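User: I am new to this structure and would like to know what stands behind the labels used for it. Please take me through a few of them.

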Amino acid sequence: MSQPTIESILHEERLFEPSAEFSQAARVKSLDEYKQLYEKAKANPEAFWAELAEKELHWFQKWDTVLDWQPPFAKWFVNGKTNISYNCLDRHLTTWRKNKAALIWEGEPGDSRTLTYAQLHREVCQFANALKSLGVQKGDRVGIYMPMIPEAAIAMLACARIGAAHSVVFGGFSAEALRDRLVDAEAKAVITADGGWRKDAIVPLKDQVDKALADNSAPSVQKVLVVKRTGQEVAMQAERDVWWHELQPKMSADCPAEPMDSEDLLFILYTSGSTGKPKGVVHTTAGYNLYTHITTQWIFDLQDTDVYWCTADVGWITGHSYIVYGPLSNGATTLMYEGAPRASNPGCFWDVIEKYGVTVFYTAPTAIRAFIKMGDEHPNSRNLSSLRLLGTVGEPINPEAWMWYHTVIGGERCPIVDTWWQTETGGIMITALPGAIATKPGSATLPFPGILADVVDLDGNTVGNNEGGYLAVRYPWPGMMRTVYGDPDRFRRTYWEHIPPVDGKYIYFAGDGARCDEDGYFWVMGRVDDVINVAGHRLGTMEIESALVSHPAVAEAAVVGKPDEVKGQDIVAFVTLEGSQTPSEALAKELKQHVVSEIGAIARPGEIRFADALPKTRSGKIMRRLLRSLASGEEVSGDTSTLEDRSVLEKLREGS
Ligand code: WTA
């Protein structure tokens, strides 16, 4: 039931139209209106985006060129001056929204807090001044390693306000992973908390920061700011560490937003790719602001009465774009939840919806599949009638899970937007506009206006309807990543040369396989590279392999994904050992734990398979295709003639 298969979705003929009532009140009301927008944007993308930029954002100074495209490097709104923190906060203070709830926070265990726009603005200004007082300046980078608490959003907005770029590192990453990211970004300061709540336990975030910085191994970091959250003892280093609650109240609430150049660095967010080292995805100020603003508004159909909840963590792009920047830029009420569904509290999401009257709910297929397993009695015993729109993101959704979401959570009345996008794209690229586009379970439907998405072959030719190919984008868009931090060559190679430019026109290669049906609907099939998607978390197989071979017992490792009912995919590691080592349960356990401490719990292999040797071609390349089949328990099919030693395969089979 996990990943949609070609067969299951080829036979998917159900079509769900939004209700007339929903469409009439929607931001985009009909398929015709969507088509007009799409055609208008396609005919003249620059004019389309310029009109929106003028109407939707505040500018200290207007741009002089909409797009400067030196493939594959784009600059949007050249010479414009704006500030995303101003757009998210200050401009709402002169309207009735001043005392509207900007951020509703539901914490663990049982805490809650609501900040109005005026209050959030004040906190952000004070914290921006706190950063300045510690020597953080425009152009510096700041690491954020925090639980899901309001201070995480405040920290991001405060960095943006003074022109320091943030690099948020998901709180589930290990000290090692954190260090790598801080070093690559040359972060000057780190903002963290003593600890964070994760499934009834405390994650010792500050201890992890201490480990990451031990022995001066991230020498750029001069200051560590610590929020008191869980209250346990932590070691504070006199010159370096500062408590948030001691500094913040001393700070003035007057901190005008710094006019930033459109192309000034807004943030770096690390993500996994095909090679070992995570890439620092670079997003800049104005284009990202505009793109997240308008996608949030149209896709989540924001109305002033909405209570909008995206369940992602701010450590991922979804949290950046659709908890913090997109909703706040629109003056919406955004909800942030510190908890996570777990056996001890299987109804917690539905409690939050009931408690706050959530109207728009955005989550991941993996969560939906976990809820199906937990049983319908949990949502059925809560009042979910406030919901009017649902969304999913992060991985393909199987039609069964889609139907359950539609029926049990949406009461058959809420449209579902299945949103395809990536850390690199900044915002949602392919999705239904809920009042305009009928949905098919398992399809992300149609591209957002201004996005020239296509399914192509490796020469860049559009493939026929229902033929599989590579998901690609044929024209730049404002929210696109600008480069890989410190490695423009890698940016060019990874995304723009995989499919060579056609007639000098560059094509963005997303790394996903897809097909388009006869209605132009996109069906995303999953990654075509060495990236696996475990519970909606993106992991590079090479990253996990490097972690494994850094253990002294391991000679060689090959990691593949296998289908998993709830997580979509699970990690299987094939491992050969150093001569003196013998396979054992205890060693398997130790190796799993080793990966956890190198990367984080999200990368823990579900299974370690010891092998005498790995199947390789004569030129020494590991044949992952075979390992994938073995891991999934499928027959190994296709060409095995290039295999160097056929007995290796036989042995692996016997061992399974
Ligand atoms: C996958 C998350 C199918 C895809 C926003 C992509 C999806 C990767 C969908 C990016 C979807 C995301 N349908 N697949 N609706 N949304 N993906 O960078 O493989 O964490 O390339 O960004 O998630 O993951 P990332």
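User: Which residues does the UniProt annotation "binding site" cover?

Analyst: The unreviewed UniProt entry gives "binding site" for G394, E395, P396, D418, T419, W420, W421, Q422, T423, D512, R527 and R538. Such annotations may be inferred rather than shown by experiment. From this set, R527 and R538 are in the lining of the second largest pocket. This is a predicted model, where local features need pLDDT of at least 70, side-chain atom pairs count only at pLDDT 80 or more, and totals for chains, interfaces and linings use all residues. Residues are numbered from 1 along each chain as its sequence is written, and side-chain values use heavy atoms, leaving out hydrogens and water.

User: Why is G394 called partly exposed?

Analyst: Buried means under 20% relative accessible area, exposed over 50%, and partly exposed in between (1.4 Å probe, protein chains only). G394 has 35% relative accessibility, so G394 counts as partly exposed. G394 is in the loop between strand 19 (389-393) and helix 16 (399-409); helices (H or I, at least four residues) and strands (E, at least two) are DSSP runs, numbered from the N terminus.

User: What makes P396 buried or exposed?

Analyst: The relative accessibility of P396 is 13%, and therefore P396 counts as buried. P396 is also found in the loop between strand 19 and helix 16.

User: Which residues does G394 touch, not counting those up to four places away in sequence?

Analyst: They are N533 and G536, where contact means heavy atoms within 4.5 Å.

Methods:
On a 1 Å grid over the protein atoms alone, a cavity is a set of points where a 1.4 Å probe fits but cannot get out, and a pocket is an open set with protein on both sides within 12 Å along at least five of seven lines; lining residues have an atom within 4 Å of a point.
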